[in-house]
Amino acid sequence: MKTVKQLSISLILLLMVLPAFVAAQDRIDENDIKDMVSRNVIPTIQKTEVSGSPYVSEDFTNGSFELYSGSYASGLNMNYNIYEQRIEYKSDNETYAISPANIKQFTLRIDGEDHTFKRGFESRRLKGDEFVEVAAEGPLTFLIKHEVSFNENASSSYSTATKQASYSKNERYYFKRGDEVSSIRRLNDKRVMRYFEGNKEVENYIEQNDLDMSDPDDVAKAVRKYNELSS
């Protein structure tokens, strides 16, 4: 496992410790973030075999985040640890964990596309303080909640003891119209199409582009088309 240094001071403290900086500009750079980093290192577990990943992206990638205050940081080598529910970024061969407490939203560049995560949505198995991916936003908003479970067991032999662990991923899907956020148990044509309210142009768009309503990427494309026609 890679060493992770945690931020023991929340991001809101940055605004208290560096008032002159905040007054001068809204952008936070890596040096300002590192000033808040605790030097207490989380000990790593030895002899552990881990499969799967707790991260939203396979690799760390270009990212940015915005605080509720309006201050922001960009151009970071970032990832989102779903299991720990924290943003992490790499710099100078170290990985830092950023407390999400005062982060309004963040964006990761994955496979050439921006993926934005926000919170403030509540529904079945979705709390308002949890980050969800906003896959499409407008009159109809399509949300993806990424989840990770962690399983660990120990196996031993005469000469050694080895811990084995695995991360398993799951996704939950939600649609938001107005103030109502509704969960959808599973993506399929019948369940998704009812959110388009019989819009023939959207139906034609789905058919002409051979979109699969069980694929969240294709669902996001259809929702964006619906919003385009609704604007």
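Q: What should I know about the model and the numbering before we start?
A: It is a predicted model: local features need pLDDT of at least 70, side-chain atom pairs count only at pLDDT 80 or more, and totals for chains, interfaces and linings use all residues. Residues are numbered from 1 along each chain as its sequence is written, and side-chain values use heavy atoms, with hydrogens and water left out.

Q: How many helices and strands are there?
A: The protein chain has 6 helices and 13 strands. Helices (H or I, at least four residues) and strands (E, at least two) are DSSP runs, numbered from the N terminus.

Q: And what share is buried?
A: Of the 231 residues in the protein chain, 42% are buried. Buried means under 20% relative accessible area, exposed over 50%, and partly exposed in between (1.4 Å probe, protein chains only).

Q: What share of the contacts join residues at least 24 apart?
A: 56%, among contacts between residues at least 6 apart in sequence. Contact means heavy atoms within 4.5 Å.

Q: OK, the cores. Which residues have the most contacts inside the largest one?
A: Phe-142, Phe-175, Phe-196 and Met-213, in a nonpolar core of 22 residues. Such a core is a set of buried Ala, Val, Leu, Ile, Met, Phe, Trp, Tyr and Cys residues joined through side-chain atoms within 4.5 Å.

Q: Which elements supply it?
A: β10 (132–136), β11 (140–156), β12 (161–177), α4 (189–193), α5 (200–208) and α6 (216–230) each give at least two residues. The largest share, 5 residues, comes from α6.

Q: What is Phe-142 in contact with?
A: Leaving aside neighbours within four places in sequence, its contacts include Val-134, Ala-136, Tyr-173, Phe-175 and Leu-187. Pro-216, Val-219, Ala-220 and Val-223 are also among them.

Q: Which residues does the second core include?
A: That separate core has 21 residues, including Tyr-80, Leu-108, Phe-117 and Tyr-167.

Q: What kind of pair do Tyr-80 and Phe-131 make?
A: Their centres are 6.1 Å apart and their planes are at 80 degrees, so the pair is edge-to-face. Tyr-80 is in strand β5 and Phe-131 in the loop between β9 and β10, 51 residues apart.

Q: Buried or exposed, those two?
A: Tyr-80 is buried at 6% relative accessibility, and Phe-131 is buried at 7%.

Q: What about Phe-150 and Tyr-167?
A: That pair is tilted, with 4.8 Å centre to centre and 45 degrees between the planes. Phe-150 lies in strand β11 and Tyr-167 in strand β12, so the pair ties together parts 17 residues apart in sequence. Phe-150 is partly exposed at 26%, while Tyr-167 is buried at 17%.

Q: Which rings form a cluster?
A: Ring pairs link Tyr-80, Phe-106, Phe-117 and Phe-131 into one.

Q: Switching to the second largest pocket: which residues lie nearest its centre?
A: Glu-113, His-115, Glu-133, Ile-144 and Asp-217, out of 22 lining residues. On a 1 Å grid over the protein atoms alone, a pocket is an open set of points where a 1.4 Å probe fits, with protein on both sides within 12 Å along at least five of seven lines; lining residues have an atom within 4 Å of a point.

Q: Which element gives the largest share of that lining?
A: α6, with 5 residues.

Q: Last one: how far is Ile-87 from Ala-97?
A: They are 6.0 Å apart, C-alpha to C-alpha, and 10 residues apart in sequence. Ile-87 is found in strand β6 and is buried, with a relative accessible area of 0%.

Technical notes: Phe/Tyr/Trp six-rings, centres within 6.5 Å; stacked < 30°, edge-to-face > 60°.
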